[in-house]
Amino acid sequence: MAKYKIAVIRGDGIGIEVMEESLKVLNAVADTYAITWDFVEFPWGSDYYFKHGRMMPPDALDILAEFDQIYLGAVGHPDIQDHLTLNGLLLPIRRRFDQYVCERPSVLYPGINGPLKGRDAWDIDLVVIRENTEGEYANVGGFQYQGFPEEIGVQVGVFTRHGSERVITYAFEQARARNKKRKVTSVTKSNAQGYGMIVWDTAFERVAKKYPDIETESLLVDAACMDFVRRPEDFDVVVASNLFGDILTDIGAIITGSMGLAPSGNLDPQRRFPSMFEPVHGSAPDIMGQEIANPLAAIISGAMMLRFVGETAAADRIDTAVLKVVEKGETLPPDLGGQATTSQVGEAVLSALA
Ligand code: GGG
């Protein structure tokens, strides 16, 4: 019997609703695969902020360090500036636990009518490996003359040889492990950002030499955005900086149907610290409380967590159940063209598991 101690942070908005369903799904596979879940819930996020003036307590990271993994819903509230919610919860967790890889697959499932005509199921099957602890989200910078007409904000992009090489290496390893197109595309804007992103580009060239069996491609981010729409079937593994990875994965999500299907793992591949699994989508306050949020991204993120801890059979079982629900098309949420409620979609996945 394997036992996993999981910190659950439902967070805000639809994060709370989708996590309800995904926890049911994780519980449903427990007995069959001899898994004991020790889920510990933390009520951190915007409600906590309204009461305490911060997104989580001062010792939150020390508390989380005791867990095997972290399972997150979403963060964000219309009455709190987004930089406070992100820098108060999501980004410090990624940095403290050196979750330097953010892995985000985009797959065109059967039954999904994506916005790109003429593509069949599985024609799009790519994964973005997003650098997750430095780059544009390193939180280095400051204000000068704040509140005055001369106000200056400096935001530094941090690109280290160590940080670039390790995430690029992970991307090449993924290309080998996936064994699909065996190709890695690196995305930067080094024609305009001629310092940090040159560190990235040269790291890419150095790492690529160790993987002669893997095809390589380098794109500027503007061209990459265009090509995600124009020729998505050509991509396999895409490795990008923190900001560019964040943007590209929203495009990847929408060309494969919806943000509601996009899972994400913030990984410490060396397994020194807990990794964190979350749907790519945010808290979506415009639809919260309406019972229409799609729980599938959170559910697939749960499957990613299972796969990461080595519970491959249980992960496959959940992925297959989600596929069945999507392919059947009878119980789809509004973002996928159906009318099912959040809990009905969760129930459909539970039935498909059985
Ligand atoms: N599911 C987590 C969440 O709330 N994501 C919203 C968001 O803005 N994330 C920014 C990021 O992934 O860096």
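Reply: Happy to! A polar contact here is a pair of N or O atoms within 3.5 Å. With that cut-off in mind, take Arg94: one of its polar side-chain atoms lies 2.9 Å from an oxygen atom of the ligand. Please keep in mind that this is a predicted model.

Glu278 places a polar side-chain atom 3.0 Å from a nitrogen atom of the ligand, while Gly73 uses its backbone, with an N or O atom 3.0 Å from a ligand nitrogen. As for cover, the ligand taken alone exposes 360 Å², and the protein buries 87% of that.

Stepping back to the whole shell, 15 residues surround the ligand, and the closest are Val75, Arg130, Glu278, Pro279 and His281. Strand E3 (69-74), helix H4 (82-96) and strand E12 (275-279) each supply at least two of the shell residues, and H4 gives the most, with three.

Where does this put the ligand? Domain 1 (1-100 + 263-354) and domain 2 (125-255) both contribute to the shell, so the ligand lies between them. The space taken by the ligand is the second largest pocket.

Conventions
Residues numbered from 1 in each chain as written. Predicted model: local features only at pLDDT ≥ 70, side-chain atom pairs only at ≥ 80, totals over all residues. Heavy atoms only, no water. Near = heavy atom within 4 Å. Polar contact = N/O pair within 3.5 Å; in protein donor to acceptor, adjacent residues only side chain to side chain. Areas by Shrake-Rupley, 256 points an atom, 1.4 Å probe, with all protein chains shown as cover. 1 Å grid on protein atoms, 1.4 Å probe; cavity = no way out; pocket = protein on both sides within 12 Å on 5 of 7 lines; lining within 4 Å. Sits in = over half its atoms within 2 Å of the grid points. Helix = DSSP H or I, 4+ residues; strand = E, 2+ residues; numbered from the N terminus. Domains from an automatic or database assignment.
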